[in-house]
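Please look at the sequence and the structure first, and then read the sections below.

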Amino acid sequence: MGLDIHYQEEFQNRHIAPNEADTEAMLSVIGVDSIEQLIDETLPENIKLKKPLNLPAAKSETEYLTALKQTSLLNKVFKSFIGQGYYDTVTPGVILRNVFENPGWYTQYTPYQAEIAQGRLQALLNFQTMVIDLTGMEIANASLLDEATAAAEGMFMQYSLRKNMAAKKYFVSISVFPQTIDVLKTRANPYGIELVIGDHQNFQLTEEFFGAIVQYPAGNGELFDYADFAAKLHGLNIKLTVAADILALTLLTPPGEWGADIVVGNTQRFGVPMGFGGPHAAYFATKAEYKRNIPGRIIGVTVDSANNYALRMALQTREQHIRRDKATSNICTAQALLAIMASFYAAYHGPKGLKKIALRTHGLAISLAETLNKLGFKQLNTAYFDTIRFDLGDLVQPIHAACLDNEINLSYQGSLVAISFDETSTFADVKTLAKIFARVKAVAADDVSVVDDVETVVPENLKRITKYLQHPIFNSYHSEHEMLRYIKSLEAKDLSLCQSMIPLGSCTMKLNATAEMIPITWSHFGKIHPFAPADQVLGYYSVFNELNKWLSEITGFAAMSFQPNSGAQGEYTGLMVIRAYHQDRGEAHRNVALIPASAHGTNPASAAMAEMKIVVVKSLGNGNIDVDDLKAKAVQYKDNLACLMVTYPSTHGVFEESIVEICDTIHKNGGQVYMDGANMNAQVGLTSPANIGADVCHLNLHKTFCIPHGGGGPGMGPIGVAAHLVPFLPGHTVVDIAHEKSISAVSSAPWGSASILIISHAYIAMMGSKGLTDATKYAILNANYIKARLEKYYPVLYSGANGRCAHEMILDCRSFKAFGIEVTDIAKRLMDYGFHAPTVSFPVSGTLMVEPTESEPKHEMDRFCDAMISIKHEVLAVENGSFNKLDNPLKNAPHTAAVITANDWNHEYTRQVAAFPLKYVAERKFWPSVGRVNDSHGDRSLICACPPLESYLEEIVP
Ligand SMILES: *Cc1c(COP(=O)(O)O)cnc(C)c1O
């Protein structure tokens, strides 16, 4: 026998967990002979793909990383002085390795289950504190997608709060970053908001304006004192948004002290790589009086069941799900991981360290400015922080060429050049630039005397006086050991995929393979500015082109747009594209969106952002869309029908047989079909959005395509569209990616959070057609296995025609209410068993939605099922009276180590039952760090910043 010298390890065997024996065992529990039989019983015949996906052969992990390394080298890492909202930065090693590259931080879910999420909740509270301090505002949220969308949220909040309902104009300073203006334009359009772009110094405001936005420092580098402008606005009842640079705020009077109502910005330069556009965390800060209007998540302080300090998401935590189209925004996934990194960066450097970094950056800019002034160049700005601007006249060409020769990027606009300094800039850079500039003036290099003794050019009235970051959190962890231990102490409080499966329905918490993550921090991907010249980013283009091709093949669509930074932003983008399509055909009046009652809350929230009129379609008792109702409504609204938004397989985890008929009905009545692709994990390789008849869909790359959830972001929500919609895909003002009829931008960066697209690229490249299709089959197999094991204990709410579920299922817990057990009690009790709860009360209140994904082995699912079955026995014990109705392990869950080890134990069940209810629990016990969190207490007196250590106990203990 010859040796197999061609043996290749297959990545798909790492990604898909069940082995052959497990598969056989699971099939027999389900009661089918083969996976093929199961799929046949699950997927309607009329939507099946007829041939395999046409994708390149799967690469092994080693092959992929070797090839991608070569691709990455096509990107040119030039020194960036481009600025415009993106700055090179140093990610401290301790944060790089222990947060950014650490699955203990990047694999968590959004912290809905607060008791096992106190670590990232604290880090996000630190972020809010940092933002509040630096901006001088009263309240901040826990991140938004990017600066431009944060500005758009600010505009919309101002619009919603306007007193004069007739006011439709919004003032935009000419020196706001162009990408921000572009995104404002998109957001303003459906509401008929008129953007008026002008110079704040000589602009005549009227009562027709409801708001205004300025940039601080201005986009052209100038430092303006906006105090008078703000006062003028307030005199007219107009609110002001300020887009502010987070590093500059360490030196400048914070906007909160001169009249800002809202402050937004990017925290990228606090240690988060540029990554060709993202991901980065934007911030949003405002006045306390607007706390109920703030978009996105806010972390707040409260107490747990033992009256100890505890954190949780406050107020509008689930607001889209409750308020739907009345929600303040459609933000669901934000940028938690990057906000956490920025907060650690601030804690590591502390106020003094940050100030030194800011002063050096500022000083280097002055040094070059004064040197160039001496050489006779004409500087255009006098008061500035990090950005200097010159009119080079005819010399712009030779300087541009010489900079490229020296691998330096500046920002050019005609004969104007802007040079932005950052944390990585050095005095050597100043010298290099000075020489380049001198040479074109024919000054000999030796004769250039670089100014190295400089004084600040921040005007006296803009110099920051107020202190910031005085809290011990920002003044205790400046040595690496202390920071390492702080990071680890928080990490230890969080349950992530490192501990156990996270069976969240609709969220697809699958493997985020290490090989997919490794390239993210390669400098050839990380240190690339989103506005770098096209010929320097061929590596990225190669990744985009392939990913575009592959995802188009997978969805059956003609092309993708990679601009939306989350699923909800994908929805918004898709709807705006549909809107543009109707307008282009002279049917601008089409504005009705049909949305099934069971839709995810972001669907109506996004439709509202596109100013569509929402008409709800009923569900049948079996959970399916009521096709008769849908037909009736499609006909009733046929003159104005814009689209249907439909999730497939349904949010109930079922492949509805009628989907093709549903899509036909919409098309016949002049509408487009928007498919919410959150459940794409049940489709890949078996069917596709185009195949069922959709025109556009978003993909949650952070669900189906392996980007980790990061504890609430980042994500990517690219949209795929059929050929007739391609001309309308979003463009971008700075980078030319426009199609013939592109809508304006929906994100700051042309390809959204470009760097994490690599994760999905890696996944597809290493899985290939068979691997991806097998993943779908195993996702369905695993779900049906759990269903088979649990349906005797928990009624499974909906299933397909043959009794099968798709990749997820809903477990009904509503009947336990009769004896006082709520679904929340089960969710919290699961923590005692070491598990994160499934999705609670979506899409049906009082239920749990379970999705195991293909990446979970049978053993892990068995542990989960054993826990659920054991919990059911506990529920029965409450029902039959062997457990006290009020004092039982469910009601008191989760149990902390402090409670279990306390000298007093006054419960009617044992400590063993409380903390080690099944044998396996002891093997790797995960202790929730706080007891059941009190939500309403925290909402009654909202505290959104780190409370002073000595005072918070008095303040918050009732
Ligand atoms: C996750 C999800 C969304 C929203 O995606 P985000 O990336 O969080 O904005 C929308 N619809 C469904 C069905 C989802 O599961």
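## A covered helix

Helix α26 is mostly covered, since 17 of its 22 residues are buried. Buried means under 20% relative accessible area, exposed over 50%, and partly exposed in between, with a 1.4 Å probe and protein chains only. Helices (H or I, at least four residues) and strands (E, at least two) are DSSP runs, numbered from the N terminus.

Helix α26 covers residues 858-879 and reaches 31 Å from its first C-alpha to its last, close to the 32 Å expected at 1.5 Å a residue. The expected span is 1.5 Å times one less than the number of residues in the helix. After α26 comes Gly881, with a positive phi near 90°.

## Basis of the model

This is a predicted model, in which local features need pLDDT of at least 70 and side-chain atom pairs count only at pLDDT 80 or more, while totals for chains, interfaces and linings use all residues. Residues are numbered from 1 along each chain as its sequence is written, and side-chain values use heavy atoms, leaving out hydrogens and water.

## The chain as a whole

The protein chain contains 30 helices and 25 strands. Its C-alpha trace spans about 85 × 75 × 65 Å along the principal axes. For 958 residues, a compact globule would have a radius of gyration near 30 Å, and the 28 Å of the protein chain agrees with this. The radius is taken over C-alpha atoms, and the globule rule is 2.2 Å times the number of residues to the power 0.38.

Of the 958 residues in the protein chain, 66% are buried. Among contacts (heavy atoms within 4.5 Å) with a separation of 6 or more, 77% are between residues 24 or more positions apart.

Most residues other than glycine have a negative phi, and most peptide bonds are trans. The bond from Gly278 to Pro279 is cis, with omega near 10°, and Pro279 is in the loop between β7 (262-266) and β8 (282-286). Another cis peptide bond joins Tyr648 and Pro649, with omega about -15°; Pro649 is in the loop between β19 (641-647) and α22 (659-668).

Gln84, a residue other than glycine, has a positive phi near 55° and is placed in the loop between β1 (79-80) and α5 (93-100). Ser506 also has a positive phi, near 75°, and is found in the loop between α15 (480-491) and α16 (514-517). Is Ser506 buried or exposed? Ser506 counts as buried because its relative accessibility is 7%.
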